[in-house]
Amino acid sequence: MPGSGDYNVKKIVRAVQQGRLSSETLDQSVAEFLAVILKAKDSHRENASFDIEEHHALARKAGGESIVLLKNADSILPLDLQKLKKIAVIGAFAKTPRYQGSGSSQVNPTKVSNAYDELVAIAGGNEIRLCSWL
């Protein structure tokens, strides 16, 4: 993650000086961190390629399996497209999702799916009217 200047460095140094963090624990943490960095460096391949469609399918699967349903009031999900007449889509992120932050979290996607287009594809044959406030 992006650095915080010397703020966290000073906190770590103080913790070691005050005996709240042993130098052995710090050394172990640094060794584990460096091992990950070196493994990533050793795994780097020049001109590596991948299957864009397979990669996108994996990302969609991971996203779908990561969804958490907090409440399914009246058992509304899964949607019964035969009974629905309208689906409300609210918010600009439905068409233009935010998929990254900034700094070290920036990614360069090969494809981006969005909720609105997926709903159109799913509901398309059922004459469901998408009411969007985007």
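**Figure 1. The salt bridge between Asp-80 and Lys-83.** Asp-80 and Lys-83 are joined in a salt bridge, with 4.0 Å between their closest N and O atoms. The view, like those that follow, is taken from a predicted model. Asp-80 counts as partly exposed, at 33% relative accessibility. Lys-83, by contrast, is exposed, its relative accessibility being 66%.

**Figure 2. The salt bridge between Glu-53 and Lys-111.** The side chains of these residues, Glu-53 and Lys-111, form a salt bridge with an N to O distance of 3.1 Å. The pair links distant parts of the chain, since 58 residues separate Glu-53 from Lys-111. Glu-53 belongs to helix 3 (residues 52–66), whereas Lys-111 is placed in the loop between strand 1 and helix 4. Glu-53 is partly exposed, with a relative accessible area of 48%. Lys-111 is likewise partly exposed, at 36% relative accessibility.

**Figure 3. The salt bridge between Lys-61 and Glu-65 within helix 3.** In this pair, the closest N and O atoms of Lys-61 and Glu-65 are 3.9 Å apart. Both residues lie in helix 3, with a spacing of 4 residues, or about one turn of the helix. Lys-61 and Glu-65 are both exposed.

**Figure 4. The surroundings of Asn-114.** Asn-114 is located in the loop between strand 1 (86–90) and helix 4 (115–123). Its relative accessible area is 12%, and because this is under 20%, Asn-114 counts as buried. The side chain of Asn-114 reaches the backbone nitrogen of Asp-117 at a distance of 2.7 Å. Beyond its neighbours within four places in sequence, Asn-114 is in contact with Ala-94, Lys-95 and Pro-97.

**Figure 5. Lys-95 and the ring of Tyr-116.** Lys-95, one of the residues in contact with Asn-114, also lies over the face of Tyr-116. The distance from Lys-95 to the centre of the Tyr-116 ring is 4.4 Å. As for pairs between aromatic rings, the count for the structure is 0.

**Figure 6. The protein chain as the setting of the close-up views.** The chain has 4 helices and 2 strands, which follow the order α-α-α-β-α-β from the N terminus on. Of its 134 residues, 9% count as buried. The accessible surface of the chain comes to about 11500 Å², and carbon and sulfur atoms contribute 56% of that area. Among contacts with a separation of 6 or more, 65% are between residues 24 or more positions apart.

Methods:
Residues numbered from 1 in each chain as written. Predicted model: local features only at pLDDT ≥ 70, side-chain atom pairs only at ≥ 80, totals over all residues. Heavy atoms only, no water. Phe/Tyr/Trp six-rings, centres within 6.5 Å; stacked < 30°, edge-to-face > 60°. Lys NZ or Arg CZ within 6 Å of the ring centre and 35° of its normal. Buried < 20%, exposed > 50% of the residue type's maximum accessible area, 1.4 Å probe, protein only. Polar contact = N/O pair within 3.5 Å; in protein donor to acceptor, adjacent residues only side chain to side chain. Contact = heavy atoms within 4.5 Å. Areas by Shrake-Rupley, 256 points an atom, 1.4 Å probe, with all protein chains shown as cover.
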